[in-house]
Amino acid sequence: MSSTGIRLRASGARLRARGLVWLVARQHRTALWAGLAVVVAMAAYIVWQRAEMVGYTRAYDIQGCADWNWKALCHGREISSEKGANPTAEAFRHLSATYRAPLLTTGRLLIALPVLIGVFVGAPLFARELETGTHQMVWTQSVGRTRWLIAKLTLPLVAVTVGTSVLVALYTWWWRAGRVPFQDIAWGTAVPFDATGPAAVALAPLSFLIGAAAGLLLRRTLPAMVVTLGATAGVQYGLNALRPHLLTPRTIVDEPDASGQYATTPLRPLFNAWRGIGDGYLTRSGEKIPLERCSSAVGAHGWDRCFARLGATDRWYEELHPASHYWPMQWIQAGICLGAAVALAAFCVWWIGRRRA
């Protein structure tokens, strides 16, 4: 073949590729514009709320104040949380009453976003075309199935990932300003963990590809959307159950003093920690006896007899994840989600190559 023929074939291939990209962009232009509007609106709200919250803490000199361990601490002093106790306490109470709920509500919206992406973007992506038969027209225009699938996946996947990354970055920025005053919200719970950092970003492409795979398999839009809803909700539930075990929790041991009171020492690992992973008593040999072992005991005497029978001492232990575990656990969960997303993308490519027209 002459060099001119080779150049003509290459030009034709580029034109077909550009035409396919243009077709995909045209098919999804309404969804793209709607998604852009949502991202801009949510980003503006997050920036505004954070600016208001930070400005309020500076105006009333309550930066670094925290509602921690059942008491409010500000500048090294304990302050009363009762209404009208003093100006500092009143300012801190107003801070929590005004900004805590919007922070949590926005986090819940970001957690719901991957589910919505999977149901309303991923599931109809292939299911609608396979259901109506419009895919056959594209396949007869010198466009292979694999190229068609990759083009259909790429543009929405990039848009979803970029838009989610912007919102997650802004929300993480907001959360980092609010995590100290709102110590009662554990960082390992769904909000904020699934709404911040790389773990939140990785959930979006995974949910999208779950929907795309469901559409390819079921070839019907409504069943694919229903299956995607259940699957993405199941993935989020599974990640929440798995999260405490992504890293080995740290164990804090406490012993009662002469008066029988626990001091909960050392205190530093508890600050900004994710608590509630596990607790109980230790035996003389150091074996852990979780509280759940005696959950069926009735009354204080029954409780004491149960632990005495198990050989428990007065030494109390608590398992927790310190603040230093936040970023490693974020990247571990993100790696799990991205690995699953890559596997789903590979499955889609394999499936489209073997299915009949």
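Trainee: At what angle do helix H3 and helix H7 pack, and how far apart are their axes?
Mentor: H3 (residues 87-132) and H7 (residues 197-218) pack at about 30°, axes 7 Å apart. Axes are lines fitted to C-alpha atoms, for helices over the stretch in contact, and angles run from 0 to 180 degrees between N-to-C directions. Helices are DSSP runs of H or I with at least four residues, strands are runs of E with at least two, both numbered from the N terminus. That angle makes H3 roughly parallel to H7 (under 35 degrees).

Trainee: What's the model, and which atoms count?
Mentor: It's a predicted model: local features need pLDDT of at least 70, side-chain atom pairs count only at pLDDT 80 or more, and totals for chains, interfaces and linings use all residues. Residues are numbered from 1 along each chain as its sequence is written, and side-chain values use heavy atoms, with hydrogens and water left out.

Trainee: Back to the helices: which residues of H3 and H7 meet?
Mentor: Among them are Pro114, Gly118 and Phe126 in H3, and Ser207, Phe208 and Gly211 in H7; contact means heavy atoms within 4.5 Å.

Trainee: Switching topic, what's the strand order in the open sheet?
Mentor: The four strands go S4-S7-S5-S6, with antiparallel pairing; two strands pair if DSSP finds at least two bridges between them. S4 (250-254) and S6 (288-290) are the edge strands, each pairing on one side only.

Trainee: How many bridges join S5 to S7?
Mentor: Six, between S5 (residues 274-283) and S7 (residues 312-321). Tyr281 has Trp316 in S7 as its bridge partner.

Methods
Angles under 35 degrees count as roughly parallel, over 145 as roughly antiparallel, 65 to 115 as roughly perpendicular and the rest as oblique.
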